[in-house]
Amino acid sequence: MYYLTEVLIYLGVAVITVPLTKRVGLGSVLGYLLAGVIIGPSVLKLVTDVETILHFAELGVVFLLFIIGLEIQPSRLWVLRNSVFGLGGLQVLLSGLALTGLTILAGQPWQVATVVGFALALSSTAFVMQLLGEREELPSRYGRASFAVLLFQDMAVIPMLALLPLLAVGSSLDMDPRSIALAAGAILALIVGGHFALRPILRMVAGSGIRELITGVALFVVIGSATLMYKVGLSMGLGAFIAGMLLADSEFRHQLEVDIEPFKGLLLGLFFIAVGMSVNLGLISERAGDIFAIVVVLMLVKALVLYLLGGRFSLTTAERIRMGLILSQGGEFAFVLFTAAVTSDVMPAELSELLIVVVSVSMALTPLVMIAADRLLSRTGRDAQPSYDTMENDENEVIIVSFGRFGQIIGRVLRSKGIPFTALEADPEQVEVVRRFGNKVYFGDARRLDLLEAAGAENAKYLIMAIDDVERSVEAAELIRQRFPHLKILARARNRVHAYRLMDLGISRPVRDTLHSSLHMATHLLELLGHSPQESKRATETFLEYDERFMREQSAFYQDESQLIQTAKQAADQLASVLRTDRDHDNESPSDAANDDAGEATDEGAKAG
């Protein structure tokens, strides 16, 4: 019953503190830390056995590393290789060396200084990703660069944890050959066994249809791989990370993430609570000056390194400042490394306590520093958008706005027929990628009148609106309809409501993203079900004809949910009747398709309402 009381204490204080810190923009990690401080030995003394809780909660870090492994697909790493291994690798190396040197100057042995320097070089993945999401800046160039740095830092934790025992007092690099062989054999067994055994086992379990058994296998894989590494003297996180990478390209990746996520979240929250419990508030009052000085030096060093590196990776001044500041704090893996360093007798517990406080304070200051940077950049005028390209007005008849997957297909068809066009793309990274493949595309936003004029909108005849974002698409379409009424707009629509909004602007027959590909698959499915190719094609063509007619009718009242639902049901019944007449026994599939699309209309109508 004592443990149940502790569980209630953890849950109760977390339910109060985490929403509060998230509401004020400080993130959930600080909420858990605050919860630990409140219930720990420094304040209420509700829980005092911090060490036991901390060891158990380390499983949260193990689960986190497994999920990081799942997310690091080889193909994804290859696409981001320059940012991840270039920018991320240099950041960890240079920040780590600089902080290590400063720690040595402060009088610490090189072993301790190495742990301190490289642990503090890491930033908080959970904290930064949440902050970027709240600021809606993850898709920005500095947001993507920050993600690449964090991705490398997450991978760098693994060798750091694995090499940590070598820095222990009295340890030697002349390790026992048997221990080295045993560790190498365990890693090889995990890789080979995981590659050849994990997927067949998961397929067999998935075939049983028992959901809880799949969750059980997921937990077995994580804890089993972690235990194997622990038994041969390596990091538990290393085993979980390797297991995750082995399954990163498998068909079970998303299912495993869903199954593990709740356990990871709870145990990681418990880990941060335990870390908060170990924060020594008396130390803050005794050494406030030292703590403040270390926090300032830490954040300045990391921000300066990232600012200088950002220039080599084509970031603007404002982007370099923002990236440097948002990654300047210490991270949750510093807690892991400091705790492991104390356990391995590499670092004294007193220094670990001081640095845990430093990392926590640096996290708390990051949102405030970002707010100050926003105001400073806007005041000095450095927060301007990157310069758009100077365009050559070739007086092409066709302009393609947004050169992503949709626009590129249209461009390839036009190029194959020898038809020239002008392509605009508002994402500078996409422009860089497309240009590497030999395509001519201009960096520009179609919501700016001067750029449309420079692209030749006055003389063009057709404009392809291929923008994926609904609001940007509607804004650009509205501007183009007002200033260039002669242009015939062929627009891409993300869904029915997006199509309705474009139709409100006088754009006839917007093309929904998945409509024609879905109908193509439906035709193929009908043929597999025994219908003739002619019957299958006729059924989907009839569906398309009726659907486009219903779209035109419903566009007049798509914001009236009740009328939209009523007409959607009538449309489904009418279409089913027509298809039944065409072939009596082909009843179920087409009507279901109509009902599905009617559901799309009602769902999107509800969102619009």
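This is a predicted model: local features need pLDDT of at least 70, side-chain atom pairs count only at pLDDT 80 or more; totals for chains, interfaces and linings use all residues.
Residues are numbered from 1 along each chain as its sequence is written, and side-chain values use heavy atoms, with hydrogens and water left out.

**Exercise 1.** Find how many salt bridges the whole structure holds.

*Solution.* Start with the term: a salt bridge is a side-chain nitrogen of Lys or Arg within 4 Å of a carboxyl oxygen of Asp or Glu. A search of the whole structure then gives 12 of them.

**Exercise 2.** Work out which parts of the chain the salt bridge between Asp468 and Arg494 ties together.

*Solution.* First, check the contact: the closest N and O atoms of Asp468 and Arg494 are 2.5 Å apart. Next, place the residues: Asp468 lies in the loop between β4 and α21, and Arg494 in the loop between β5 and α22 (496-504), so the pair ties together parts 26 residues apart in sequence. (Helices are DSSP runs of H or I, at least four residues, and strands runs of E, at least two, numbered from the N terminus.)

**Exercise 3.** Decide whether Arg512 and Asp547 are buried or exposed.

*Solution.* Recall the cut-offs: buried means under 20% relative accessible area, exposed over 50%, partly exposed in between (1.4 Å probe, protein chains only). Arg512 has 7% relative accessibility, so this residue is buried. Asp547, at 6%, is buried too. Finally, their side chains meet in a salt bridge (2.3 Å, N to O).
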